[in-house]
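Please open the structure in your viewer and keep the sequence at hand. The stops below are meant to be taken in order.

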Amino acid sequence: MADQRVTKARMQNHWAYNWWKYLLMVVLVVMAVDVGFSVTAYRPPEDKKVEVYLCVGMADAERFEADLWPAFKEAAPDQEQLTALNINLTGNDAYARMQFSTYIAAQQGDLCLLPLSEVQRLAGGEAWDVFADLTPYVESGALAVEQSHWVTYSNEEGEERIYGIASDFMSGLEDYGIDPAGGAWVVTAFSGNEGNVVRLLNLVVDRCADGQ
């Protein structure tokens, strides 16, 4: 009968040749647990969250999010999440442009602060395909912005409509490292939470407008 005794020498020999198998097992278990949590983790539905892209300069997105969330939650109690992300489109970072293009192509993002040149590029001849028409919100008073700050394009019927709000009168954006000159706020046409996105934009205007 073969000697099956577990000895110190045999254990040392086993570990010397098989340690990587145990390490691989631990790594696979950790990965499986992480994937499991990622798949099952709760995610707020589209109408309960707002995602903001700050694309002008090196914006302090974390501070922007922290400052706006309490007021936004008070104005829209049913909302569960506000996230802000800085994607600087004013520099020469090819990755930043690729990242932004990928998000837009995937129809992600609700509220964006973009360079005016980027707004014009995305609008092309069909602004309504990319940006929400803000005219009804301005007319109702839900978005209180003077006409001099409107960014307008023609809609499908050839009527002049408001598709953005210029940021040049929002000096308060400088608190977040953003130069307000030459930028504009837009709401994406594919946002699943348009009314609350406009509510957040109005809060940004109130907080950041000159003289506030």
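This is a predicted model: local features need pLDDT of at least 70, side-chain atom pairs count only at pLDDT 80 or more; totals for chains, interfaces and linings use all residues.

Residues are numbered from 1 along each chain as its sequence is written, and side-chain values use heavy atoms, with hydrogens and water left out.

**Whole chain**

Begin with a cartoon of the protein chain, which holds 6 helices and 6 strands; these are DSSP runs, helices being H or I of at least four residues and strands E of at least two, numbered from the N terminus. Traced from the N terminus, the order of elements is α-β-α-β-α-β-α-α-β-β-β-α. Of its 212 residues, 40% count as buried (under 20% relative accessible area, with exposed over 50% and partly exposed in between, for a 1.4 Å probe and protein chains only). Among contacts in the chain with a separation of 6 or more, 69% join residues 24 or more positions apart; contact means heavy atoms within 4.5 Å.

**Helices H2 and H6**

Next, select residues 61-75 (H2) and 194-208 (H6), two helices that pack at an angle of about 120 degrees with their axes 10 Å apart. The axes are lines fitted to C-alpha atoms over the stretch in contact, and angles run from 0 to 180 degrees between N-to-C directions. H2 and H6 are therefore oblique to each other: angles under 35 degrees count as roughly parallel, over 145 as roughly antiparallel, 65 to 115 as roughly perpendicular, and the rest as oblique.

Show side chains at this contact: H2 contributes Phe 64, Asp 67, Leu 68, Ala 71, Phe 72 and Ala 75, while H6 contributes Asn 196, Arg 199, Leu 200, Leu 203, Val 204 and Arg 207.

Now select the cysteines. How many disulfides does the structure hold? There are 0, a disulfide being a pair of cysteine sulfur atoms within 2.5 Å. The sulfur of Cys 112 lies 5.7 Å from its closest cysteine sulfur, in Cys 55, too far for a bond. Cys 55 is buried at 0% relative accessibility, and Cys 112 is buried at 1%.

**Pro 45**

Finally, move to the loop between helix H1 (8-40) and strand E1 (49-54), where Pro 45 is found. At 36% relative accessibility, Pro 45 is partly exposed.
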